[in-house]
Amino acid sequence: MEFISTDAATMSPIGLFLQADWVVRAVMIGLLLASLWTWAIILSFGFRVSSVKKAIDRFEGEYREADDIDEFHRRAAGRDQPIARVFAAGVTEWRRSTSGKAIDREGTRERLATAMGATIAQEIDRLADRLNFLATIASAAPFIGLFGTVWGIMRSFTGIAKEQSSSLAVVAPGIAEALFATAIGLFAAIPALIAYNRYSHGVNRVEARLNRFADGFHATLSRRLEMEA
Amino acid sequence: MDRTEGAGLTIALIGHVALFGILSVGFLATPNPLKLKPTPIEVALVDQVALESTSPTPTSEEPAAKLSPVEAPIEPDSAPPEPAPNPQPVAKPQPTPPKPAPAPDAVKPAPKPLPASNSTKPAPKAPTKPAPAQAPSRPSNRPVAPTGRLDGLLNGISDKPAKSTSTTPPAANVGPEVKAALQAEVMRQIRPHWAPPSGADSDKLRTVVQVRLNPDGSLASAPQVVGQSGVTDSNRAQADLARDRAIRAVRLAAPFKLPPQFYEAWKVIKPTLFEDM
């Protein structure tokens, strides 16, 4: 493994890591794990949001073309998709409300809206579950990195005091290694910040589309309610 | 953690390992453009007090001028006409040598200089004229030739200061900066021993002490108060005390450590002592 340089003067992360104090090392490892988890969330969130959007597109298309809601419900309600669950919640509430002899139209409308709204909120909660982690990383990682840097620079200065020498060659490796902690912090924080802003916008759009669908479905059921009564 | 998160984590892990692997191989390694090795800087340690900064450096002309007491050996006016008579005294002794050879030994010293001096007298006026006579013959200024002393000749042409002459410059050559520096140095050496009296208006008292020093810095005479100013009614009581203490401070400060080459400048010192000097 001689081609992996462990010299701190070559900007090698391993070299910088091996030079560092244990506090700085802990900071570096923590930030590295945070960066790893951030990117895992970013990627999985990207997959999930795009698949949710695609599913909404397809579901809405099929719903518009479907003639019979009951038949469409049999076909599509079992899908593992937020919009399918919202649809299923609406249909379930409709069936429950219309199974009795006397139908309370106002109460049924209210219950339909509440049931679908609750499902939407639950789906959005599940979807946005990891976003708070991104937000935390985006705001905390620079500070954690800064802590490592401050610690490392303090250590460099105590080194100066101990060796009675303030030459740049004595101080520079310690400061480089300390700054590496901030670098990792920013490396983790910047993607997390961008992804957080982008995905919270994406989640808002998904929520808006689900709400629109739920409103449309609610209108359809409400019309049916008047015809059947 | 569901399926998409597992996939994301895997991809993120691969990406991180790849990135840090590339960095570790030295992909971004700069060839250390900043030379971190400090280049040594030459530092000259200069005395805090500029005692020797303006000392006149002994030049090579100095010893030569002392060796040749003849004044004004270079006179461009008189030099050109003299080359003409110059060959004559040189040429005339040449015919004379045949004379002393057959002549007896007793007359030898007398005839030799006499015909030469007599014959040269018409042309130059003084008997010591061989000095200016031979001066033009030298290509450069060598004032040592007239004396005929070879050791002086060597001293005159060498750049090194002569061994015989001391490097102590005359007192007139000590510049005002050196004087000020010496004064400050004297005050600096007295200050630790100076315990001024305290009281009303005691800061106005200025006591001048005069003392003669030996070349080794010790006191050659008892310090005397030669002047006191700033005596007011309120500090009159402390004036005598200030005089005594000033004398004592100078006594305690001796021997003074001062550069010996400027002894002329500090043979007699007159420090002025005041309260917060």
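How are H4(A) and H7(A) oriented to each other, roughly parallel or roughly perpendicular? This is a predicted model, in which local features need pLDDT of at least 70, side-chain atom pairs count only at pLDDT 80 or more, and totals for chains, interfaces and linings use all residues. Residues are numbered from 1 along each chain as its sequence is written, and chains are lettered from A and ligands numbered from 1 in the order in which they are written.

Two packed helices are described by the angle between their axes and the distance between the axes. In chain A, helix H4 spans residues 82-98 and helix H7 residues 168-228; their axes come within 10 Å and cross at roughly 25°. Helices here are DSSP runs of H or I with at least four residues, and strands are runs of E with at least two. H4(A) and H7(A) are therefore roughly parallel to each other, a term for angles under 35 degrees. On the H4(A) side, the contact (C-beta atoms, placed from the backbone, within 7 Å) includes A:Phe87 and A:Trp94, and on the H7(A) side A:Phe213 and A:Phe217.

UniProt, in an unreviewed entry, lists residues 22-47, 131-154 and 174-196 of chain A as "transmembrane region". Residues 22-47 of chain A are 100% helix, with end C-alpha atoms 37 Å apart. Residues 174-196 of chain A are also 100% helix, and their end C-alpha atoms lie 33 Å apart.

In chain B, a cis peptide bond joins B:Ala254 and B:Pro255, with omega about -5°. Most peptide bonds are trans. B:Pro255 sits in the loop between helix H8 (236-253) and strand S3 (268-269) of chain B.

Notes. Axes fitted to C-alpha atoms, helices over the stretch in contact; angles between N-to-C directions. Parallel < 35°, antiparallel > 145°, perpendicular 65-115°, else oblique. Contact = placed C-beta atoms within 7 Å. UniProt positions renumbered as here; feature names shortened; annotations may be inferred.
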